[in-house]
Amino acid sequence: MEHPLERWAHEICAQHGLVFREELRRTTHDLSAELRNLIWDVEQDDRRAVLKVYDDDVVNVEAESLRDFHRSNRSGVLTAPDLYLYEIASLTKGWLLIERLGNDGHFLESPLEEGARERFVELFCEYRRNFPQGPNRPLALAEMQDAYRFHSFRTMQSLEKASTREQQRAFAGDPAVLEQSEVLPRLERAMDFIRAAFKERALHWGHGHFKANDVFVHGDGRWTITDFGHTKMLPEGYEEALAIWWDQMVTPVPGGYGPWRAAIDDWVRRFLDAEPELDPDLLQASLLERALATVLESIALADDMAPQDRRARLERQYRLIDELSSAAL
């Protein structure tokens, strides 16, 4: 049976003369198999393009955010895909037709080597210099408060998702992934430091998802940043920590804890060197938040992870949380 998003995508293609070539990706919600977005490779007047149709569970005005970046961007090396057509049906639902990036380059792949990390950090600073300074939509309540409340709200959302998944496992007779005695004391210690670091600090408007696999490298040296569907008000240090999180925490990195922690520390040093105004405590607190998110989302919500792999990843994240929390006291 055709999903409503698929039916809508076909209607958009018929209305605007788009020719379907292939499906590139579809994404579901965290706690269900319900479709949240659909991405197709299409043709428009012999021009390749990408059609994205979404019905999200969070605010998403991707087309307007992409348009606003084009208006503010003055960089000679950092670009974004051209925006051809779009419709914003609501704050969470819409579609956009954008440039299909060519065969003259590639997306970055994590984990990045040291030289690629250096270039990524340079590109990150270029992005911050050229991104719009203010929001393009009504703000959520969590974005109107200080940085600690922003983190607290999101962490409690993650905890609720993990709790729901654990209840689903219990009803199905499956073993728990998270042990209360392991996760809750670490959560409390980490949130204590996050509160101390971020209380009464303001947020800034940002891309919200600036990470390696959203950056396309062209053969002529230009860089294209994609995926503008996460723009929001953000705490200082959040985006730097998110880049580190994606590169080192989301997917398993081969090797023991020592080399893994050294790679994280190398990332931290590079960001602090490139951004003298960035407070090291805020970046440390942001990494704590990302480690918690890894435990409560990436590890706790996954159902396709072997038990021994899941346990190894949990122990690695718990050790990181312990060390960062201890260093923060």
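This is a predicted model: local features need pLDDT of at least 70, side-chain atom pairs count only at pLDDT 80 or more; totals for chains, interfaces and linings use all residues.

Biologist: Why is the pair of phenylalanine 124 and phenylalanine 271 called edge-to-face?

Modeller: Two rings pair if their centres lie within 6.5 Å, and planes over 60 degrees apart count as edge-to-face. The ring centres of phenylalanine 124 and phenylalanine 271 are 5.4 Å apart and the planes stand at 80°, so the pair is edge-to-face. By this rule the count comes to 16 aromatic pairs.

Biologist: What makes this pair a tie between parts that are apart in sequence?

Modeller: Phenylalanine 124 belongs to helix α3 and phenylalanine 271 to helix α7 (residues 257-274), so the pair ties together parts that are 147 residues apart in sequence.

Biologist: How do you know whether phenylalanine 124 and phenylalanine 271 count as buried or exposed?

Modeller: Buried means under 20% relative accessible area. Phenylalanine 124 has 0% relative accessibility and therefore counts as buried. Phenylalanine 271 has 0% relative accessibility, so phenylalanine 271 counts as buried.

Biologist: Which residues is phenylalanine 271 in contact with, leaving aside neighbours within four places in sequence?

Modeller: They are Phe120, Val121, Phe124, Glu240, Ala243, Ile244 and Leu283.

Biologist: Why is the pair of phenylalanine 131 and phenylalanine 228 called stacked?

Modeller: Planes under 30 degrees apart count as stacked. The planes of phenylalanine 131 and phenylalanine 228 are at 10° and the ring centres are 6.5 Å apart, so the pair is stacked. Phenylalanine 131 is in the loop between α3 and α4 (147-172), and phenylalanine 228 is in the loop between β10 (223-225) and β11 (232-235), so parts 97 residues apart in sequence are tied together by the pair. Both phenylalanine 131 and phenylalanine 228 are buried.

Biologist: Which residues form one aromatic cluster?

Modeller: The cluster is formed by Phe69, Phe120, Phe124, Tyr127, Phe131, Phe210, Phe228, Trp267 and Phe271.

Biologist: Which residues have the most contacts inside the largest nonpolar core?

Modeller: Phe120, Leu178 and Phe271 have the most contacts inside that core, which has 75 residues. Helix α8 (residues 280-299) gives the largest share of this core, ten residues. Another core lies apart from it and has 15 residues, among them Leu35, Ala49, Leu51 and Leu97.

Biologist: Which residues of helix α2 (residues 62-72) are buried, and what covers them?

Modeller: The buried residues of α2 are Glu62, Ala63, Ser65, Leu66, Asp68 and Phe69. Their cover includes β3 (47-55), β4 (78-79), β5 (83-88), β6 (93-99), α3 and β10.

Biologist: What volume does the second largest pocket have, and which residues are the closest to its centre?

Modeller: The second largest pocket has a volume of about 250 Å³. Of its 15 lining residues, Phe124, Arg128, Glu240, Glu275 and Glu277 are the closest to the centre. The elements giving two or more residues to this lining are α3 (114-130) and α6 (238-248). The lining divides into seven nonpolar, two polar and six charged residues.

Biologist: Why is arginine 117 called buried?

Modeller: The cut-off is under 20%. Arginine 117 has a relative accessible area of 9%, so arginine 117 is buried. Arginine 117 is in helix α3. Not counting residues up to four places away in sequence, arginine 117 touches Leu112, Gln248, Ala263, Asp266, Trp267 and Arg270.

Biologist: Why are aspartate 45 and glutamate 200 called exposed?

Modeller: Exposed means over 50% relative accessible area. Aspartate 45 has 69%, so aspartate 45 is exposed. Glutamate 200 has 67%, so glutamate 200 is exposed. Aspartate 45 is in the loop between β2 (35-44) and β3, and its phi is near 55°, a positive value in a residue other than glycine. Glutamate 200 is in the loop between α5 (180-198) and β8 (203-206), with a positive phi near 70°.

Biologist: What kind of peptide bond joins serine 110 and proline 111?

Modeller: The bond is cis, with omega about 0°. Proline 111 is in the loop between β7 (105-107) and α3.

Definitions and conventions
Residues are numbered from 1 along each chain as its sequence is written. Side-chain values use heavy atoms; hydrogens and water are left out. On a 1 Å grid over the protein atoms alone, a cavity is a set of points where a 1.4 Å probe fits but cannot get out, and a pocket is an open set with protein on both sides within 12 Å along at least five of seven lines; lining residues have an atom within 4 Å of a point. Grid points are joined across faces, edges and corners, and a volume is the space filled by probe spheres set on the points. Helices (H or I, at least four residues) and strands (E, at least two) are DSSP runs, numbered from the N terminus. Ala, Val, Leu, Ile, Met, Phe, Trp, Tyr, Cys and Pro count as nonpolar, Asp, Glu, Lys and Arg as charged, and the others, Gly among them, as polar. A nonpolar core is a set of buried Ala, Val, Leu, Ile, Met, Phe, Trp, Tyr and Cys residues joined through side-chain atoms within 4.5 Å. Buried means under 20% relative accessible area, exposed over 50%, partly exposed in between (1.4 Å probe, protein chains only). Contact means heavy atoms within 4.5 Å. Rings of Phe, Tyr and Trp (its six-membered ring) pair if their centres lie within 6.5 Å; planes under 30 degrees apart count as stacked, over 60 as edge-to-face and the rest as tilted.
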